[in-house]
Amino acid sequence: MNTSQRETANDHVAPPEAWSEIAEGYDLYVAPQEADLAEEALRLVGLRANQRFLDVAAGTGGLSLPAARMGAHVLATDWSSAMIERFEGRVRAEGLRAAEGRVMDCHSLDLPNNGFDVVGSLFGVMLVPDQATALREMVRVTRPGGRVVVIAYGAPPQLEFLQVFLGALKAVVPGFPGLPDDPPPLEFQVSDPELLRERLAEAGLKDVRVERTAERPAFTTGQEMWDWVLYGNPIPGMLLSEFSEDQRQRIRLVLDGMIRERADINGKTVLTNLVNIGIGMK
């Protein structure tokens, strides 16, 4: 990424405070939809009970809570204190004794070398501005022979939620230009599985492979999907802040019609979003 591209991408980098502002909504609306994907990724990376697991850019514990339930010794890190507070509340509520959280920037992990059997990030380092540094940090704190797993979105055309959401937005604001592609938004910086494989290898991993799977969030109303998108990360809110409240309300109404139109006999609409799961060994 050249300097001008990096500056453009950084226009949509959200500071820790922005993540803290959405922590409650993330915990309520987003994290529950991640459970199946997180469990699949942990199976693929081969996490076992009593292993040391580090969750990087953990949010409210998308990977770390399932890992703790499996019996791993878990440390969840995120640069948002509110996200970590939410994670710790879940830990206390479930009585997970071998799990803790710490506020930490993934670009500079305050942790010793070679300390973890498995290090992972679920929709976390895919969003950071200096992904190469974050990946190197993940590798640094992994023990020799340990494994790293990174979960990130595939290409925008293969994300059903994005096509539905943009469809609703363009129905209300026909002149909306769509997503930039040079560079793409941070969510899609490793949407190409070959690029994800290259970055993991460049970070110091070997035997790197990328599994392609899908995330399948389910919604019964447009409001549910709106909350899932808006609380998933601060960037959609930053983009939609340019629209009036009337426009935002009309987008929600159109979205509701689209979700209800696609519903199955149980009243649920399940959207399929392509996901890349990159795994490598130190």
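This is a predicted model: local features need pLDDT of at least 70, side-chain atom pairs count only at pLDDT 80 or more; totals for chains, interfaces and linings use all residues.
Overall dimensions first. Along the principal axes, the C-alpha atoms fill a box of roughly 55 × 45 × 35 Å. The radius of gyration is 18 Å; a compact globule of 282 residues would have a value near 19 Å, so the protein agrees with that expectation. Of the 282 residues, 53% are buried. On contact order: take the contacts between residues at least 6 apart in sequence, and 76% of them join residues at least 24 apart.

Glu40 and Ile277 are 237 residues apart along the chain, and their C-alpha atoms are separated by 9.6 Å. Glu40 belongs to helix H4, residues 35-45. Is Glu40 buried or partly exposed? Its relative accessible area is 22%, and the cut-off for buried is under 20%, so Glu40 counts as partly exposed.

Now the helix packing. Two packed helices are described by the angle between their axes and the distance between the axes. I will take helix H8 with two partners.

Helix H8 covers residues 160-172 and helix H12 covers residues 245-261; their axes come within 8 Å and cross at roughly 130°. That angle makes H8 oblique to H12. The crossing of these two helices is right-handed. On the H8 side, the residues in contact are Val164, Phe165, Gly167, Ala168, Leu169, Ala171 and Val172. On the H12 side they are Gln247, Arg250, Ile251, Val254, Leu255 and Met258. By class, this contact has 10 nonpolar, 2 polar and 1 charged residues.

The spacing within those lists has a plain background. An α-helix has 3.6 residues a turn, so residues three or four places apart point the same way.

The axes of H8 and H10 come within 12 Å and cross at roughly 110°. That makes H8 roughly perpendicular to H10. This crossing is left-handed. Phe161, Val164 and Phe165 of H8 meet Met225, Trp226, Trp228, Val229 and Leu230 of H10. The contact of H8 with H10 has 8 nonpolar residues, with no polar and no charged ones. Val164 and Phe165 are in the H8 list for H12, and also in the H8 list for H10.

H10 comes up again with helix H3, residues 23-30. Which residues of H3 are buried? They are Ala23, Gly25, Tyr26, Asp27 and Val30. What do these buried residues pack against? Their partners are helix H2 (16-21), helix H6 (81-94) and helix H10 (222-230).

Last, the backbone. Most residues other than glycine have a negative phi, and most peptide bonds are trans.

Ala57 has a phi near 55°, a positive value in a residue other than glycine. Ala57 sits in the loop between strand S1 (52-55) and helix H5 (64-69). With a relative accessible area of 19%, Ala57 is buried.

Asn114 has a phi near 60°, again positive and in a residue other than glycine. Its loop runs between strand S3 (99-103) and strand S4 (116-122). The relative accessibility of Asn114 is 36%, so this residue counts as partly exposed.

That is the list; I will take questions.

Methods
Residues are numbered from 1 along each chain as its sequence is written. Side-chain values use heavy atoms; hydrogens and water are left out. Axes are lines fitted to C-alpha atoms, for helices over the stretch in contact, and angles run from 0 to 180 degrees between N-to-C directions. Helices (H or I, at least four residues) and strands (E, at least two) are DSSP runs, numbered from the N terminus. Angles under 35 degrees count as roughly parallel, over 145 as roughly antiparallel, 65 to 115 as roughly perpendicular and the rest as oblique. A crossing is left-handed if the near helix is turned anticlockwise from the far one by less than a right angle, and right-handed if clockwise. Contact means heavy atoms within 4.5 Å. Ala, Val, Leu, Ile, Met, Phe, Trp, Tyr, Cys and Pro count as nonpolar, Asp, Glu, Lys and Arg as charged, and the others, Gly among them, as polar. Buried means under 20% relative accessible area, exposed over 50%, partly exposed in between (1.4 Å probe, protein chains only). The radius of gyration is taken over C-alpha atoms; the globule rule is 2.2 Å times the number of residues to the power 0.38.
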